[in-house]
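Subject: Structure handover

Hi,

Here is the structure for your files. My notes on the ligand site and the sheet follow below.

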Amino acid sequence: NKVIEINNITKFYHVGTEVVKALQGVSITIKRGEYVAIMGPSGSGKSTLMNMIGALDTPTGGQYILNGTDVSHLTDDSLAEIRNKEIGFVFQTFNLLPRYTALENAMLPLIYAGVPKHDRIKRGEEVMEKVGLTNRMQHRPNEMSGGQRQRVAVARALVNRPSIILADEPTGNLDSKTSVDIMRLFDEIHQAGNTIILVTHEEDIAQHAHRIIRLRDGLVESDAINERVEQPV
Ligand code: ADP
Ligand code: ADP
């Protein structure tokens with residue numbers, strides 16, 4: 001039932017002769033179906049923690065178990081493999097490929113996963129429907145609004161049916177009305193049973209989550225249920 005078990009992880013960067021202690025002993029457990037926001041001021045370690053959770057990098061010390069697999073000491077190739085299987089990423093800058101249609105962008109993770117073409121199209125169309133873009137499947141990113149592009153990115157994050165959706169400042173490039181639309185989409189995706197981890201410095205965005213973890217100086221300052229949303233029974 002636990003998708004994430006982080007036990008006392010540290011991450012140190014060596015910059016010249018200095019050691020930057022970006023994470024100084026962080027422990028977090030996240031269960032399937034949770035909706036968690038990670039907050040904290042600039043430099044508190046959010047990006048570093050996101051890189052750990054997303055299996056983009058390995059910790060200096062401690063242990064990280066992702067959906068039952070200890071990924072703390074894996075090689076880059078093994079990390080990439082587990083990342084493609086377990087994590088759906090949504091970034092501030094959408095990161096869509098400009099020459100591909102919206103549907104093709106949404107299907108990309110299935111190519112890496114070796115899913116046959118017929119199934120790719122079927123599953124691509126399914127996720128495009130989930131994000132409300134059935135009428136934009138053949139459009140290219142530059143023919144779409146920022147909100148629509150982010151919906152394509154959410155579709156791409158869902159298509160592999162990952163154990164976690166990891167979103168890094170997903171509304172950072174959107175106006176406030178579009179941000180509300182995208183956050184409603186995350187609410188729906190959570191209600192459909194997905195585990196969501198949201199990294200943000202915006203309080204009103206974090207308020208969509210059911211649990212808020214606050215970092216300070218590479219440590220968990222607080223980790224609490226968000227009283228403002230109705231908790232699942
Ligand atoms: P946040 O995302 O909360 O702004 P970061 O995780 O980016 O925090 O940074 C935490 C600390 O680690 C900062 O002092 C930052 O300068 C440092 N840091 C982050 N990444 C690196 C890196 N690749 N090399 C050296 N120092 C880094
Ligand atoms: P954020 O917008 O989350 O604060 P940052 O600007 O802190 O992002 O970091 C962007 C990227 O640069 C991250 O991948 C982080 O690890 C890296 N980084 C941050 N600080 C440093 C640093 N002092 N030296 C090298 N890389 C860094």
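This is a predicted model: local features need pLDDT of at least 70, side-chain atom pairs count only at pLDDT 80 or more; totals for chains, interfaces and linings use all residues.

Residues are numbered from 1 along each chain as its sequence is written, chains are lettered from A and ligands numbered from 1 in the order in which they are written, and side-chain values use heavy atoms, leaving out hydrogens and water.

Ligand site. Residues around the ligand (a heavy atom within 4 Å of it) include Tyr 13, Pro 41 and Lys 46. Polar contacts are pairs of N or O atoms within 3.5 Å. The side chain of Ser 47 puts an N or O atom 2.7 Å from an oxygen of ligand 1. A polar backbone atom of Gly 45 is 3.1 Å from a ligand 1 oxygen. For a backbone N or O of Ser 44, the distance is 3.2 Å.

Fold. Helices (H or I, at least four residues) and strands (E, at least two) are DSSP runs, numbered from the N terminus. H1 gives the most to the ligand 1 shell: 3 residues. Strands pair if DSSP finds at least two bridges between them. An open, antiparallel sheet of 4 strands runs E2-E1-E4-E5. Its edge strands are E2 and E5 (69–70). E1 and E4 (residues 61–66) share 5 bridges.

Best wishes

Notes:
A polar contact is a pair of N or O atoms within 3.5 Å; within protein, one must be able to donate a hydrogen and the other to accept it, and residues adjacent in sequence count only if both atoms are side-chain atoms.
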